[in-house]
Amino acid sequence: DGKIYKKVTIGTQTWMAENLNYAKPGNYWCYDGDNNNCNKFGKLYDWETAKIICPEGWHLPSNDEWTILLNYLNPKPTIKLVSNNYWKEKANSESAGKSGFNALPSGYRDAKGKYKDLLLSCGWWCSKEEVIYKDVVMGVCLKMLDSDITMWSNSPKKSGFSVRCVKDK
């Protein structure tokens, strides 16, 4: 799409410092169908599209790569990942946003097409399918509701989440 995405090196990994907003063939949405939300937060992609959306030299992160990132930022990794912009509840910490990852509260789209949690949470796809559950993939979600919360989430493949790419080694 010709866009140059910001990137940040955290520990030994180089991550995109913004959500993808690329209109590649596949399933993707702007929150509430509003293009302004795509301009602010990036697109929400289903898992099949997320698997192929990262540009050459980058890839959809594995669960292990997310774990490496979160462990590097411990303690309180969520606070260090979030942006200081758009969150309904701001992080009350001087380390907020210090990593440069710039996580924005993009919300998500559930498998039934309902948009949820704009300005309250964000989530990204992981590359590995969870074989235990049919049509379910694990992702990483961040919430800023009174405290630092990072959680793994199992979501149907038809859901819409943001995509962050990590640089190939």
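Guide: Let's start with two tryptophans: tryptophan 15 is buried, and tryptophan 66 is buried as well, where buried means under 20% relative accessible area, exposed means over 50%, and partly exposed is in between (1.4 Å probe, protein chains only). Before going on, keep in mind that this is a predicted model, in which local features need pLDDT of at least 70 and side-chain atom pairs count only at pLDDT 80 or more, while totals for chains, interfaces and linings use all residues. Residues are numbered from 1 along each chain as its sequence is written, and side-chain values use heavy atoms, with hydrogens and water left out.

Back to the rings. A pair of aromatic rings is described by the distance of the centres and the angle of the planes. Here, rings of Phe, Tyr and Trp (its six-membered ring) pair if their centres lie within 6.5 Å; planes under 30 degrees apart are stacked, over 60 edge-to-face, and the rest tilted. That rule gives 10 aromatic pairs. For tryptophan 15 and tryptophan 66, the ring centres are 4.7 Å apart and the planes stand at 50 degrees, so this pair is tilted. Tryptophan 15 sits in strand E2 (residues 13-16) and tryptophan 66 in helix H3, so the pair ties together parts that are 51 residues apart in sequence. (Helices, H or I with at least four residues, and strands, E with at least two, are DSSP runs numbered from the N terminus.) Ring pairs also link Trp15 and Trp66 with Phe101 and Trp124 into a cluster.

Helix H3 itself deserves a look. Across residues 63-73, the buried ones are Asn63, Glu65, Trp66, Leu69, Leu70 and Leu73. They cover an arc of only 165 degrees around the axis, which puts them on the same side of H3; the arc is that of the directions from the helix axis to the C-beta atoms. The exposed residues Asp64 and Tyr72 are on the face of H3 turned away from its buried side.

A charge sits over a ring if NZ of Lys or CZ of Arg is within 6 Å of the ring centre and within 35 degrees of the ring normal. Arginine 164 does this over the face of phenylalanine 101, 4.2 Å from the ring centre, and the charged end of arginine 109 sits over the ring of tryptophan 29, at 3.9 Å from its centre.

Now the cysteines. With a disulfide taken as a pair of cysteine sulfur atoms within 2.5 Å, the count is two. Cysteine 30 is joined to cysteine 38, S to S 2.0 Å, and that link is left-handed, with -110 degrees about the S-S bond. Cysteine 30 and cysteine 38 are both buried. In the other disulfide, cysteine 54 pairs with cysteine 165, the sulfur atoms 2.1 Å apart. Cysteine 54 lies in the loop between helix H2 (47-53) and strand E5 (58-59), and cysteine 165 in the loop between strand E10 (148-156) and strand E11 (166-167), so the pair ties together parts that are 111 residues apart in sequence. The torsion about its S-S bond is about -90 degrees, so this disulfide is left-handed. Cysteine 54 is buried at a relative accessible area of 15%, and cysteine 165 is buried at 0%.
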